[in-house]
Amino acid sequence: MVNLNDPVHSEEAYPNQAANPPQKPFVLWRELIPAYLSPAIMASIGGIVTADKVLQLRALTTIGGASLLMALWAGLWLRNRENRTRWVTKAPRVIVVGCLALAGAGFGFVAAWGISNVLQIVNPSSSWAWLDHIGFDFPLSGAIACTIMSWRWRTYITK
């Protein structure tokens, strides 16, 4: 029942307030936490199940760290391009997430290729044990991080 003298305290005012909660802003540092933890935990579980100590170490460094950096890049790009790039806000979510996942995988592939070539040029006599794995870790971490970041970012702007 609606109380016309006091609409704020009437029975219908409470469901309307609950249906439209205030919108939370997109906070980049808060979104980086799941972007780091998700791939790191998934890879750690795989390392624990297979008893692979190298995979457990890679989970926290090259997989989780690369995911964190890719998510930071994607989050900064999305936050700064929101008003200038209309297709990011107007296109269906699956297309935007897929495009950013491909971009993250490509960026990770280029980063892995660049790092391994630069380190081979700088110090060719040294063998870098972790260089063998970054060709797989960086693109996969980039794709996962960009997927998580773009999916969560679209959730914020469509509320």
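In which loop does Ala51 lie? In this predicted model, Ala51 is in the loop that runs between α2 (28-50) and α3 (53-81). Most residues other than glycine have a negative phi. Ala51 has a relative accessible area of 61% and is therefore exposed, the cut-off being over 50%.

Aromatic rings come next. A pair of aromatic rings is described by two values, the distance of the centres and the angle of the planes. A search of the whole structure finds two aromatic pairs. In one of them, the rings of Phe26 and Tyr156 have centres 5.6 Å apart and planes at 75 degrees. Planes over 60 degrees apart count as edge-to-face, so the Phe26 and Tyr156 pair is edge-to-face. This pair links distant parts of the chain: Phe26 is in the loop between α1 (13-19) and α2, while Tyr156 belongs to helix α6 (residues 131-158), 130 residues apart. Both Phe26 and Tyr156 are buried.

Trp73 and Phe107 also pair, with ring centres 5.2 Å apart and planes at 15 degrees. Planes under 30 degrees apart count as stacked, which is why the Trp73 and Phe107 pair is stacked. Here too, distant parts of the chain are linked: Trp73 sits in helix α3 and Phe107 in helix α5 (residues 93-122), 34 residues apart.

The charged end of Arg93 sits over the ring of Trp151, at 4.4 Å from the ring centre.

The last stop is Ser141, a residue of helix α6. How accessible is Ser141, and what is its relative accessible area? The value is 2%, and Ser141 is buried because the limit is under 20%. Leaving aside residues up to four places away in sequence, Ser141 touches Thr62, Ile63, Ala66 and Ser67.

Key. Residues are numbered from 1 along each chain as its sequence is written. This is a predicted model: local features need pLDDT of at least 70, side-chain atom pairs count only at pLDDT 80 or more; totals for chains, interfaces and linings use all residues. Side-chain values use heavy atoms; hydrogens and water are left out. Helices (H or I, at least four residues) and strands (E, at least two) are DSSP runs, numbered from the N terminus. Buried means under 20% relative accessible area, exposed over 50%, partly exposed in between (1.4 Å probe, protein chains only). Rings of Phe, Tyr and Trp (its six-membered ring) pair if their centres lie within 6.5 Å; planes under 30 degrees apart count as stacked, over 60 as edge-to-face and the rest as tilted. A charge sits over a ring if NZ of Lys or CZ of Arg is within 6 Å of the ring centre and within 35 degrees of the ring normal. Contact means heavy atoms within 4.5 Å.
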